[in-house]
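Subject: A structure for you to look at

Hello,

Here is the structure I promised to pass on.

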Amino acid sequence: KKPAKPSRSSRSELRAPHPRHTLVDLIPLGAVSEMALNVAAATLQTVIGLDVDILEAQAAPAYALLPARNQYDAALIIKSLAALPGGARFKLGLTEFDLCLPILTYVFGESQMGGCAAVISLHRLRDRNQHVLFERVAKVGIHEVGRLLGLAHCHQADCLMRFSSRLEQLDRLPMHFCSACNYEVARRLIPTQKAPRPRS
């Protein structure tokens, strides 16, 4: 079954009960698989309940290239996304380029914890099975948006907020948060309403 396809530059028809406006601008950085964009957007909508717009592609982030490593500095990309005027509460970049940080060899994604911008890369998520690739993209996207909402890494084995540095770790994670993280997501998205208590 194909995921729902959000429209470009217009509100998506997939709406959760609580958002009343777009909360995430999904921004391709360079040429990016349209299916990967659609999967990331649809999963954020269905798992977290966020209203997502897929924006027009930006140029490849040449400003973030580290020639000696042939990789792109995720922190510089996040800084650029955060500086974009207007738009949604959160900016999520999606790119095909390999990402790293000065202290890390590579990252699947990176975000400002409690901030407004994050980026994920398809480069190391690839698999001969396209379904595996898209599932990985969905998981990393949800994880990084969770970080934007202020969630710390979780120690529960059955939670998408658990830190993953290897693909085998990522592949073992379920497509959902644990009850405690789910409670925090609801509380931070709708602070004026009473969020459901986590199950013990």
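Two strands pair if DSSP finds at least two bridges between them. Strand S3 meets that condition with strand S4 (residues 71–73): two bridges join them, and the two run antiparallel. Please keep in mind that this is a predicted model.

The sheet around S3

S3 and S4 belong to an open sheet of four strands, in the order S3-S4-S6-S7 and with mixed pairing. Its edge strands are S3 (65–66) and S7 (104–107), each of which pairs on one side only. Helix H2 (residues 74–82) packs on this sheet, where it touches S4, S6 (99–101) and S7. The direction of H2 makes about 50° with that of S4.

Leu 66

Across the pairing, Leu 66 stands opposite Gln 71 in S4. Is Leu 66 buried, exposed or partly exposed? Its relative accessibility is 24%. Buried means under 20% and exposed means over 50%, so Leu 66 counts as partly exposed. Leaving aside residues up to four places away in sequence, Leu 66 touches Gln 71, Asp 73 and Cys 100. As for Leu 99, it is 33 residues from Leu 66 in sequence, while the C-alpha to C-alpha distance between the two is 9.8 Å.

Which way do its residues point? Ala 117, Val 119 and Ser 121 point one way, and Ala 118 and Ile 120 point the other way. In a regular strand the side chains alternate between the two faces of the sheet. In S9, the residues pointing either way are all buried.

S9 pairs with strand S5 (residues 90–95) in the parallel sense, over five bridges. Within that pairing, Gly 93 has Val 119 as its bridge partner in S9. S9 also pairs with strand S8 (residues 109–111), this time antiparallel and through three bridges. There, Ser 111 has Ala 118 as its bridge partner. S8 and S9 form a hairpin with five residues between the strands, and Gly 114 in this hairpin takes a positive phi near 75°.

I hope you enjoy looking through it, and do write back with any questions.

Best wishes

Key. Residues are numbered from 1 along each chain as its sequence is written. This is a predicted model: local features need pLDDT of at least 70, side-chain atom pairs count only at pLDDT 80 or more; totals for chains, interfaces and linings use all residues. Side-chain values use heavy atoms; hydrogens and water are left out. Buried means under 20% relative accessible area, exposed over 50%, partly exposed in between (1.4 Å probe, protein chains only). Contact means heavy atoms within 4.5 Å. Axes are lines fitted to C-alpha atoms, for helices over the stretch in contact, and angles run from 0 to 180 degrees between N-to-C directions.
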